[in-house]
Amino acid sequence: MLRSASGFALLSLLFSAQTGAAEFCGLRCEPDRSLLESLRSPGLFGAPPSIAQCGNRANIPVLTETPLAGGARRTMALAYGSCEVLKLKTRSNLIPDRISGTFKSFSGGADYNFNGVQIPAGVEQVRKTHPYLRALQKEDCSNSRECSPAGLKLPVQGVDPSCKKMVCDAWLWPSMYQYGGKAGTGEAVYHEVFTRKSYDSKTKKTTTRKYSVSGLDCSYFVFQAMQRAGLKFSASQQNFYRSTTYLSTLGARGAGGKREDCFDRINSAEGIRPGDLLVASGVHVAMVDTVGRDPFGIARMIEGEAAWNWSSPAQQSMFGEIRAGTSKVPAAAEHSFLNKLAGQLCADLDPARFRITIIHSSPNGNGVGIQREEAYSDTSYSVGLGRSSTLLGLLKLKAKAECILALKKKWESFSPGFSKSVNAVLEAIRKSERAPGGSKVLRHASIEPGCRGAPPIDPALNCADCCDLGSSYESLTGGSRAD
Amino acid sequence: MRIERTWMNTLAGWLALSTIPIAAGVAGPADAFDPKLCEDRHLVSQEMVEYHLAGAHWQAGVSSCLEQKNFRTILSGRQSAGDASLVTPAFIVPKGSKIKIDSENELEIGGVEVRFTFAAMRAGEKKVLHDSLIYLWNAPRIRKRDGCANIQTLPAYFAMREECLR
């Protein structure tokens, strides 16, 4: 209860401090202040509701999501010190959509190498041009004042210091992508320091400046999301950080199909859900964030028969005969024909029609770090998984398998037995899905005994409990990929 | 160090070879990408290997070999923006070293597995490495936009050409 009361007080503090200057918004429950207003109502004011009760409000992800999706969103809110960040659209819809003011030469060693070579020209520049931090700067909040050296020293009655620290950390040490970065939000915040050396040819002097930000890489973001969701990697082991190489070993089954960890490897026909992990060993891990209607464009492809890419008029004619029930060929030949056609049509799925967003810590956008994006963009290579990334390949394979399965189900109505016939492409995809290592889709077995850990004990980690963690593809993207 | 285009262009006829001349290096005209070349599986395989060795998945620096002029079947430009973690090449492929394509197997999934052999240096020691990658064909209607193919499985070794390291 102490935590709850102090969290409420923090919120009050943040809302009450209005300076009129453009400042950064802190963690707050609802952008429209309706929760704040209800908390201030006379009936409640004497006994503010527990922040934990916010769980009864609209902050529970929809049932089709795994808890990991909520953990990722909570992590994002904590990293940016704002609930409102979860209401922003995908990064490419923000202005600016990338950090600017970067320079290429710097010194600091490989360990402090942000996004390879592009290092932000100072923390102030990051605050000004980081897509999320920039969007969160509002007229009516006062993080810079509250988080100033003087503001931090002010004793504020009832405010949980760790919760205030959380908000201020996000302001003072902005979250960005860094390979190997393990900046925490809450547990022993670890500020990465990088240095920039600049040489002035006129004075012949070298100046060294240091900058501090909270660097976070893709696998550490997943680790944090697991913690925030109270999930474990393995029922038999303590939770600790795991690299992408380790993540790619998860989802294995031992003797008798026995689960060896808390993840299931998701194969074709098992769909895709928010919270699923897309893992490429040693390369990258991203999380499915939202899944729209017809996520792979399969239904749209099937319904858009006029646009099918027939290999020949004879093929089109044959399909018409089979569908009309006038075909004279034996069932086996019919199935063979349909299987080939299904493989052909499903190879034609366009990732530009995917309605899937991902949440990950990525160097995209010049090192933005934690961000939500369309999984694929046909307009920019720096959005989502990239045109030639291994993880996009993983989604494309999954789309193809699900497409073939959908056609098998649909065409069964006019070609009995087709759904049970062997499709070589589908079998090959299933075989590749069973292969060890490589890229894979993982889903946390949240209901499995032992796979849920104790909730975080650090009160700072509960600062985002009032955030509305619900999200949808349409709200995040504006429904830009219409039928 | 940059590869001189003029020098690269003297390698006419390299397509007939079973080895790849050099670096990212199958350079053609300045704007070399041509979706019609997607039909040439061997060329796509070669370029997929070279694209990786040129540093397509390298995040710790900017390769000097990823210019579009160097690729005729791949649309370059840091396509793997989401692939974040290949930082330091474990092996360096010496300048001018050739890559041997050992086999190209069409896969039912709609892709090709390419096995290749190359010599590379690690800590001053030369090693001959055998590796493979898998790429998926892009549908013909999106090749102009996305290139001929999409990497599906990266090689096991992270090696880069010496001349591409900046």
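Domain bounds in this report come from an automatic or database domain assignment, and for chain A that assignment gives domain 1 (2–221 + 455–477) and domain 2 (250–444). The structure is a predicted model, in which local features need pLDDT of at least 70 and side-chain atom pairs count only at pLDDT 80 or more, while totals for chains, interfaces and linings use all residues. Residues are numbered from 1 along each chain as its sequence is written, and chains are lettered from A and ligands numbered from 1 in the order in which they are written.

## The two chains

Helices (H or I, at least four residues) and strands (E, at least two) are DSSP runs, numbered from the N terminus. A residue is called buried if 20 or more other C-beta atoms lie within 10 Å of its own, exposed if 12 or fewer, and partly exposed in between, with C-beta atoms placed from the backbone. Two residues are in contact if their C-beta atoms, placed from the backbone, lie within 7 Å. The table sets out both chains in these terms.

| Chain | Helices and strands | Buried residues | Contacts between residues at least 6 apart in sequence that join residues at least 24 apart |
|---|---|---|---|
| Chain B | three helices and seven strands | 47% of the 166 residues | 67% |

## Chain A: the domain contact and helix 4

The contact between the two domains takes 38 residues from domain 1 of chain A and 33 residues from domain 2 of chain A. On the side of domain 1 that touches domain 2, the elements giving two or more residues are helix 4, strand 5 (175–177), helix 10 (218–229) and helix 18 (473–477) of chain A, and the largest share, six residues, comes from helix 4 of chain A. By class, that side of domain 1 has 18 nonpolar, 14 polar and six charged residues, where Ala, Val, Leu, Ile, Met, Phe, Trp, Tyr, Cys and Pro count as nonpolar, Asp, Glu, Lys and Arg as charged, and the others, Gly among them, as polar.

Helix 4 (residues 67–80) of chain A has 14 residues and spans 20 Å from its first C-alpha to its last, close to the 20 Å expected at 1.5 Å a residue, the expected span being 1.5 Å times one less than the number of residues. In helix 4 of chain A, 14 of the 14 residues are buried, and just after this helix Gly81(A) takes a positive phi of about 60°.

## Chain A: the six-stranded sheet

Two strands are taken to pair if DSSP finds at least two bridges between them. Six strands of chain A form an open sheet in the order 8-13-9-10-11-12, with antiparallel pairing. Strand 8 (263–265) and strand 12 (369–374) of chain A stand at the edges with a single partner strand each, so one side of each is left without a neighbour in the sheet. Neighbouring strands of this sheet are turned by 30° against each other on average, direction ignored; axes here are lines fitted to C-alpha atoms, for helices over the stretch in contact, and angles run from 0 to 180 degrees between N-to-C directions.

Within the sheet, strand 10 (residues 284–291) and strand 11 (residues 356–362) of chain A run antiparallel and are joined by four bridges, with Ile359(A) in strand 11 as the bridge partner of Met287(A). Helix 4 of chain A lies across strand 10, strand 11, strand 12 and strand 13 (440–444) of chain A, at about 105° to strand 10. Helix 16 (residues 390–411) of chain A also packs on the sheet, where it touches strand 9 (277–280), strand 10 and strand 13, and its direction makes about 125° with that of strand 9 of chain A.

## Chain A: helix 14

Helix 14 (residues 331–346) of chain A has 16 residues and reaches 22 Å from its first C-alpha to its last, close to the 22 Å expected at 1.5 Å a residue. Its buried residues, including Leu338(A), Leu341(A) and Cys346(A), pack against helix 12 (298–303), helix 13 (313–324), helix 16 and helix 17 (424–434) of chain A.

From the N terminus on, the elements of chain B run α-β-α-β-β-β-β-α-β-β. Strand 3 (residues 99–107) and strand 4 (residues 111–122) of chain B run antiparallel and are joined by eight bridges; Val114(B) is the bridge partner of Glu104(B), and Ser103(B) stands opposite Arg115(B). Three residues lie between the strands of this hairpin, in which Gly110(B) takes a positive phi near 100°. Strand 4 of chain B also pairs with strand 5 (residues 125–137) of chain B in the antiparallel sense, over 12 bridges, and Lys127(B) is the bridge partner of Ala120(B). The hairpin of strand 4 and strand 5 of chain B has two residues between its strands, and Ala123(B) in the turn has a positive phi of about 50°.
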